[in-house]
Amino acid sequence: MKGKKIILSVMTALLLLASAGCGEQAEINREYGDIMARATEDRFSAMEIREYKGVRLDPSIGPRDNSITGIQSVNMEEYKLSVTGLVETVTEYTYEEVLEYPSVEKLITLYCVEGWDATILWEGVRIADLLEKAGPLDDGKILVFKCHDGYTTSMPLSEILEKDMILAYSSNGEALPEPMGYPFIVVAEDKLGYKWARWVVEIEVSDDVDYEGTWERRGYDNEADVSFEE
Ligand SMILES: Nc1nc2c(c(=O)[nH]1)N[C@H]1C(S)=C(S)[C@@H](COP(=O)(O)O)O[C@H]1N2
Ligand SMILES: [Mo]
């Protein structure tokens with residue numbers, strides 16, 4: 001009887017000790033969570049919308065910039081978006097001309113290979129609409145996106161058309177902020193972050209099915225499909 005009691009109290013003491021430890025850890029976790037939540041909160045701009053159809057949005061400016069040469073500031077007085085390569089007519093658009101196309105809204109999550117993701121409400125124009133005027137030739141199987149900072153990436157035209165991918169000029173109800181690629185970002189639905197070309201200046205229609213962009217050349221998978229197996 002006495003032995004049992006001792007065992008019980010030892011167990012209680014152990015339990016108390018363990019739960020005290022847990023409590024401390026929980027407190028640290030909660031504090032860390034609070035700091036993270038505040039840091040996220042701070043990234044929202046005043047006018048940015050934070051919820052869409054019951055889904056909580058993330059700020060359109062990421063936790064940190066990983067761009068190859070930093071955040072770009074595009075001179076909009078000179079800015080043109082051109083569609084080049086295997087097309088009937090090389091075509092240039094001003095910012096305003098792009099915005100004249102019908103607008104499309106999409107709620108899409110960007111997944112970076114570095115482990116963060118951001119669910120953002122994008123608004124933009126169909127890449128298909130931008131191509132139509134230029135008239136892609138039959139050999140044009142790939143779109144190469146070229147950016148103001150020299151960054152490039154590519155995707156098969158068939159996938160872009162299938163998913164009806166857009167070139168976005170707005171995130172969370174505001175003009176796309178500079179860190180996110182103002183004036184335009186490719187919303188590469190279901191593709192990893194490095195396919196989301198920002199500060200896009202040229203869309204080249206190409207027959208080079210083996211084309212490798214900036215990160216792809218350094219070994220990143222060219223398909224870049226988002227997969228959820230860890
Ligand atoms: N022009 C340009 N676009 C770019 C990049 C870049 O360096 N330059 N980086 C890509 C990568 S790797 C990611 S994850 C997304 C988001 O970049 P961020 O992590 O710097 O916010 O933009 C993509 N588009
Ligand atoms: Mo990335």
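Tutor: A polar contact is a pair of N or O atoms within 3.5 Å. This is a predicted model, in which local features need pLDDT of at least 70 and side-chain atom pairs count only at pLDDT 80 or more, while totals for chains, interfaces and linings use all residues. Residues are numbered from 1 along each chain, chains are lettered from A and ligands numbered from 1 in written order, and side-chain values use heavy atoms, without hydrogens and water.

Student: Which residues surround ligand 1?

Tutor: Ligand 1 is surrounded by 16 residues (a heavy atom within 4 Å), the closest being Asn66, Ile68, Asp149, Trp196 and Arg198. The side chain of Arg198 places an N or O atom 2.8 Å from an oxygen atom of ligand 1. Ile68 has a backbone N or O atom 2.8 Å from a ligand oxygen, and for the side chain of Asp65 the distance is 3.4 Å. Taken alone, ligand 1 exposes 510 Å² (Shrake-Rupley method, 1.4 Å probe), of which the protein buries 97%.

Student: How many bridges join β5 to β6?

Tutor: Strands are DSSP runs of at least two E residues, and two strands pair if at least two bridges link them. Here nine bridges join β5 (residues 103-111) to β6 (residues 117-126), and the two run antiparallel. Thr109 has Thr119 in β6 as its bridge partner. Five residues lie between the strands of this hairpin, where Gly115 takes a positive phi near 110°.

Student: Which residues does Val186 touch?

Tutor: Leaving out residues up to four places away in sequence, Val186 touches (heavy atoms within 4.5 Å) Ile127, Phe145, Met155, Ile166, Leu167, Lys195, Trp196, Ala197 and Val200.

Conventions
Helices (H or I, at least four residues) and strands (E, at least two) are DSSP runs, numbered from the N terminus. A polar contact is a pair of N or O atoms within 3.5 Å; within protein, one must be able to donate a hydrogen and the other to accept it, and residues adjacent in sequence count only if both atoms are side-chain atoms.
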